[in-house]
Amino acid sequence: MTTAGGGATDAEALDAAFGDTVRRAGASIGALYLLTPDEQQLFLALLHGVPADLAEPWTRIPMTAPAPVAEALREDRMVWVGSQDEMARSYPRTAMALPYPLALAAAPVGGAGRWGTLLLMWPAARPAYMTQRERGLITASCGRLGRLLEEAAQHGRLPAPGGRPRVPPTAAVRRAQAPELAAADFVERLPGGSCALDLEGRFTYLSSGACALLGHEAGELLGTLPWQSLRWLDEPTYEDRYRAAVISREPVVFTACRPPDGWLDFHLYPDASGISVRIVPSGAKPPPYPASPLTARTATPAPAGRLYQLMHLAAGLTEVVGVQDVIDLVADQVMPAFGAQGLVLSTADAGRLRITGYRGYDPRAIERLDGLPLGTAFTPAGRVLTTGIPAFFSDLPEMQRVYPEASAVSGKQAWAFLPLIVSGRPVGCCILSYDRPRPFPAEDRAVLTSLAGLVAQALDRARLYDTKHDLAHNLQQALLPRTLPAVAGVSVAARYLPATRGMEIGGDFYDFVPLGDTAAAAVIGDVQGHDAAAAALMGQVRTAVHAHSALGAEPDQVLSATNRLLTDLGADLFTSCLYARLDFAARRVTLASAGHPPPITRAPGRGARCLDVPPGPLLGIDPGAVFPVTEVPLTPGLLLLLYTDGLVERPGVDLDDAIAGLARHVALADTRDLDAFIDTLVSRAGTSWQRTDDIALLVLHHTGTARPAAGRTR
C-alpha cells in the first residue's frame, strides 16, 4: 500500500517488490534502471547482490548504447544473454567491461508509461536458455514494478537521478554474527586458514591459521580490504579475482606470494551474504610472475575497479559522436573513477578557452572562467594548454600560492589540470576538482595523463563532427519550408525528424503549395542517403516540384518534368516522391507516385485504409518514365497521411505488414489536433531514442469549410 504523504512507504513497497523479484527469479544480482526525465539515459536506482562501488561504471547508460539494458527498453522486449560467449558476440562493449561467466536478462518495466529496465544476472552454471515460466515471472514482475512506479510518480516520490543507487536490505543477506564455540573449534581444527569477506571485500572473520599465514593479528585485519591491509595483495589481478567471485557467484582460485617466498593458494566461495575463503600453502610450482610484488614495481597500480572504469570509458569514447557526448561520458565515467566532485571541459577557440561543459560548479563561477585568453595567469589552464604539461594541486594553499583568484572563484580544494593535445596541437583542457584536499600519487597522475590523451582524440573528432553537422543541418533547414501556407478548407501539419545516427540529416522532404483559390498540392519525397549531398539534392527536387506545381501541371506531369531534370543533372542519388493534387471545386484528389510508400486515408464512417497508388520508377533513373495517376473523392472530413519509409521500415518486419499496422493505428487515433496526432505516430513507431533513417510526415485534413486553417510545421 502507498499513501500520498508517505514517501517512505512508496520506497519500501518498491524495494520489497524488487527484492522479491530477484529472489523468485533465483538471480544472484538484480538492478532496476529508470529513465531520466529527458528520456535520454537510464540511471541505476536499485541494486541487489553487489555493493554499489562495483556497479559504478554502469550507474548511467545512454538510451542509444549497444547494451542489453538500453536495448530492452528501446525495442520494448526482453533481452536474454545465456553465456559469456553470447555476450561477446552480441554486446562486445559490455563483455569487455564485464568479463565474467554469467547469464543475464533485461526486461522493460512499463505500464501507463515506460519507466525503465529490470536487469537480472545468474551464475554461468544455470542453463543457457530461459523457460516460459521464467519469462512469465519476469514479465509479471515488471508489470508489478511499473504499477508501483506509477503510484510513486503520482505522489511525487519517484527515485531521482544523481547519487548512489539504493541497496535495499533483504532477508537473504545474513548478518555477520559471532560464531558458536563449536563452529569456531571446527574451523580452527582445519588445516590452513579460513576467513570471511563481506560483499564489499572487507574481512569479517579470520581463524588463527589464517592470521598465521597472512602474518597479521585478526584485530589488524578485521574491517579492512585485503588489497589495502596486505600490501603484497595490492595488485589489480587479485582484486579482480574478488570481483569475479562476487559478480559470477562462481568459486575462484588464485595464487599469491607473501614475501619473500611464501606462496599461498586462495579459494573463494561466494554467495549472497559474502565470500568464504580457504588459504593453504601452495603445493604447486610458483608461477613465473610476479617475482616479488614489492620489488617488481615502484608505484602502486590503480585498483582493479578503476581499471575497469577506464576500460569502460575507453570503449565508450570510441562510440561518442558530438562534443556533448564526450562531456557526458567523461562526467559519468571519469568523475566517479577518481572521486571528483567537479569537472570543467574547455576547448581552445580563437586564442581563448571556451568552456564547453561542466559539472559540480556554480554557473556564476563558470561565467567568470569562460573565454579567458590561452595565456591567462588567472588559472593554470592556459599554461597547462600551452606547455602540454599537466598540473596537480593537492590543497588550497598550494593553489593560492600561484593562482589566488582562481581558487576563490572555483570554491574547490584540490585540482587536476589535464592538457588535451592531439598531434602536438592543443585541443582543450580537462579539469577535475575536489571539495576536499586530495593527494595525487604518481600512479594517479600517470593514469590521468594517459586518459587525457584518449579524451583529446575523442573531443577533436567530436568538434569536427559538430562543425559538419551544423553546416549540413543549417543547409537542410534552409531547404525545408519554415511554415506551411494557409489554404481554405484544409488543415495541415508536418514534421521532419533526422536520423539519430550519422550526421542527423537526410534527404526526406515535404511541401504544401496553394494552386489558386480552389486547389492545393501536397508533396513528400525521400532522396537516397543521409549526408550533405542528399540534403542538397533534396533542395533541387523540392524546388523543381514546387515550380512545376505552380505552373498548374498535373501530378504525372510534375513528376515527369522533375525526373527529366534529375537525369539531365546526372545525379548519383535516386529519389522517391508522392504528389497529391487536391481540387476543392471538383471534390477529388489526384495522386502520382515515383516509387514512394502509399498514403493512408481516413474518411468519416469508413475507417482508414492504405490507398492503392500504382507507383512509377524512382526519379533520376529513366528520362522517359511514365507515372500512373490515381483519383479518389475529396469528401469533407477526409484525412490524408503522407510519410516516408523511415516511419514504417523496421529490421525483420515486412513493409506491407508495417504499412497495414500504420493504417490500423490511424483508424483509431484522435485527429482533432494534427500535431498531437503526429506525436502518436512517431511514438508508435518506437523512434524516440534511435532512428537509422530520417522521417518526414505531412497530414492533411479536409475540413469542408471556407475559412483558412493555418498549417503547422515542426
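Is Gly 661 buried or exposed? I looked up its relative accessible area, which is 9%, so Gly 661 is buried (buried means under 20% relative accessible area, exposed over 50%, with a 1.4 Å probe and protein chains only).

**Basis.** I am working with a predicted model, in which local features need pLDDT of at least 70, side-chain atom pairs count only at pLDDT 80 or more, and totals for chains, interfaces and linings use all residues. Residues are numbered from 1 along each chain as its sequence is written, and side-chain values use heavy atoms, with hydrogens and water left out.

**Whole chain.** I found 21 helices and 31 strands in the protein chain (DSSP runs numbered from the N terminus; helices are H or I with at least four residues, strands E with at least two). Of the 714 residues, 53% are buried. I also noted contacts (heavy atoms within 4.5 Å): among those with a separation of 6 or more, 63% are between residues 24 or more positions apart.

**Gly 661, continued.** I placed Gly 661 in helix H20, residues 655-668. From Gly 661 to Val 648 I read 8.9 Å, C-alpha to C-alpha, across 13 residues of sequence.

**Ser 560.** This residue is in helix H19, residues 555-569. A polar atom of the Ser 560 side chain lies 2.9 Å from the backbone oxygen of Asp 556. Leaving out residues up to four places away in sequence, I found that Ser 560 touches Ala 625 and Phe 627.

**Aromatic pairs.** I took rings of Phe, Tyr and Trp (its six-membered ring) as paired if their centres lie within 6.5 Å; planes under 30 degrees apart count as stacked, over 60 as edge-to-face and the rest as tilted. The count comes to nine aromatic pairs. Trp 227 and Tyr 242 have ring centres 5.0 Å apart and planes at 40°, so I logged the pair as tilted. Trp 227 is in helix H9 (residues 226-229) and Tyr 242 in helix H10 (residues 236-248), 15 residues apart. Both are buried.

Phe 393 and Phe 417 are edge-to-face, at 6.0 Å centre to centre and 90° between the planes. Phe 393 is in strand E15 (residues 391-393) and Phe 417 in strand E16 (residues 414-422), so this pair ties together parts 24 residues apart in sequence. Phe 393 is buried at 6% relative accessibility, and Phe 417 is buried at 4%.

I also noted a cluster in which ring pairs link Trp 232, Tyr 238, Phe 254 and Phe 266.

Notes
A polar contact is a pair of N or O atoms within 3.5 Å; within protein, one must be able to donate a hydrogen and the other to accept it, and residues adjacent in sequence count only if both atoms are side-chain atoms.
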